[in-house]
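Below are my notes in the order I made them.

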Amino acid sequence: MATYRTYSDQELAALLKQGDRYAYTEIYERYRSLLYRHAYKKLGDTSEAGDVIQDVFLMLWNNKGNLDHAANLSGYLYVAMRNRILNLFAQKNVRTLYEDSVQEFSLKYEVMTDHLVREHEMAELIAREINELPDKMREIFTLSRYQYLRNKEIADLLGISEHTVATQLKRALRQLRIRLGVMVCLFFL
């Protein structure tokens, strides 16, 4: 192993290309700490820097057959590390955007759900109060508010005067206003 320390980067790259594990180990020992310090300066996290270096050397071993032994080995490793760091930054950015989008959706969904629950409760309360109206008044009210018939159409349908329809609607609204409050009446208007 001591003889590998005397080899140049080009000689180590040629041996690595042939699958020489000792050449790989020498390259690792020669560049690991330099690459790690550089990665740590860029990332500010020891764990992430260690992961990047591990990925770079794993990539070196996996691509050893494509390695050009005449190429600058240190430059090759630094470029590989830089690219891995840039990919890591891009992944973090995508993750942050995704987390922000999920959080925003969650908040909107929570508000929307709360609104729907309250709307459903209000609709049930209103339906109960409408069912408490006298039969004829309830019939006129539902024809007007749920089937959107005009007073004249209701009068013709039920065989009563328009004045009676208008009076019954006013009384229904007054009773509902008293029971439910002004806010519910605004909901119907």
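**Ground rules.** I am working from a predicted model, where local features need pLDDT of at least 70, side-chain atom pairs count only at pLDDT 80 or more, and totals for chains, interfaces and linings use all residues. I number residues from 1 along each chain as its sequence is written, and side-chain values use heavy atoms, with hydrogens and water left out.

**Overall layout.** I found eight helices and zero strands in the chain. Helices here are DSSP runs of H or I with at least four residues, strands are runs of E with at least two, and numbering starts at the N terminus. Along the sequence the pattern reads α-α-α-α-α-α-α-α. Of the 189 residues, 27% are buried; that label means under 20% relative accessible area, with exposed over 50% and partly exposed in between (1.4 Å probe, protein chains only). I also looked up contacts, meaning heavy atoms within 4.5 Å. Among those between residues at least 6 apart in sequence, 56% join residues at least 24 apart.

**Aromatic pairs.** How many aromatic pairs does a search of the whole structure find? It finds six. My rule for rings of Phe, Tyr and Trp (its six-membered ring) is that they pair if their centres lie within 6.5 Å; planes under 30 degrees apart are stacked, over 60 edge-to-face, and the rest tilted. I looked at Tyr24 and Trp61: the centres are 5.1 Å apart and the planes sit at 65°, so I logged the pair as edge-to-face. This pair links distant parts of the chain, with Tyr24 in helix α2 (residues 21–43) and Trp61 in helix α3 (residues 46–62), 37 residues apart. Both Tyr24 and Trp61 are buried.

Next I took Tyr36 and Tyr40. Their ring centres are 6.5 Å apart and their planes are at 15°, so this pair is stacked. Both lie in helix α2, four residues apart, about one turn of the helix. Tyr36 is partly exposed at 28% relative accessible area, and Tyr40 is partly exposed too, at 37%.

Ring pairs also join Tyr24, Tyr28, Phe57 and Trp61 into a cluster. I then checked for a charge over a ring, which needs NZ of Lys or CZ of Arg within 6 Å of the ring centre and within 35 degrees of the ring normal. Lys64 lies over the face of Trp61, at 3.9 Å from the ring centre.

**α2 against α3.** The axes of α2 and α3 come within 9 Å and cross at roughly 145°. Axes are lines fitted to C-alpha atoms, for helices over the stretch in contact, and angles run from 0 to 180 degrees between N-to-C directions.

**Helix α1.** Gln10 lies in helix α1 (residues 9–17) and is partly exposed at 38% relative accessibility. Gln10 and Leu73 are 63 residues apart in sequence, yet 7.1 Å apart in space, C-alpha to C-alpha. Lys17 is also in helix α1. Setting aside neighbours within four places in sequence, Lys17 is in contact with Lys64, Gly65 and Leu67.

**Further along.** Glu129 is in helix α4 (residues 73–131) and is buried, at 17% relative accessibility. Beyond its neighbours within four places in sequence, Glu129 touches Leu176, Arg179 and Leu180.

Leaving aside neighbours within four places, Ser144 is in contact with Leu149, Ile154 and Leu169.

Last entry: Tyr148 sits in the loop between α5 (135–145) and α6 (151–158). Its phi is near 60°, a positive value in a residue other than glycine. Tyr148 is exposed, at 66% relative accessible area.
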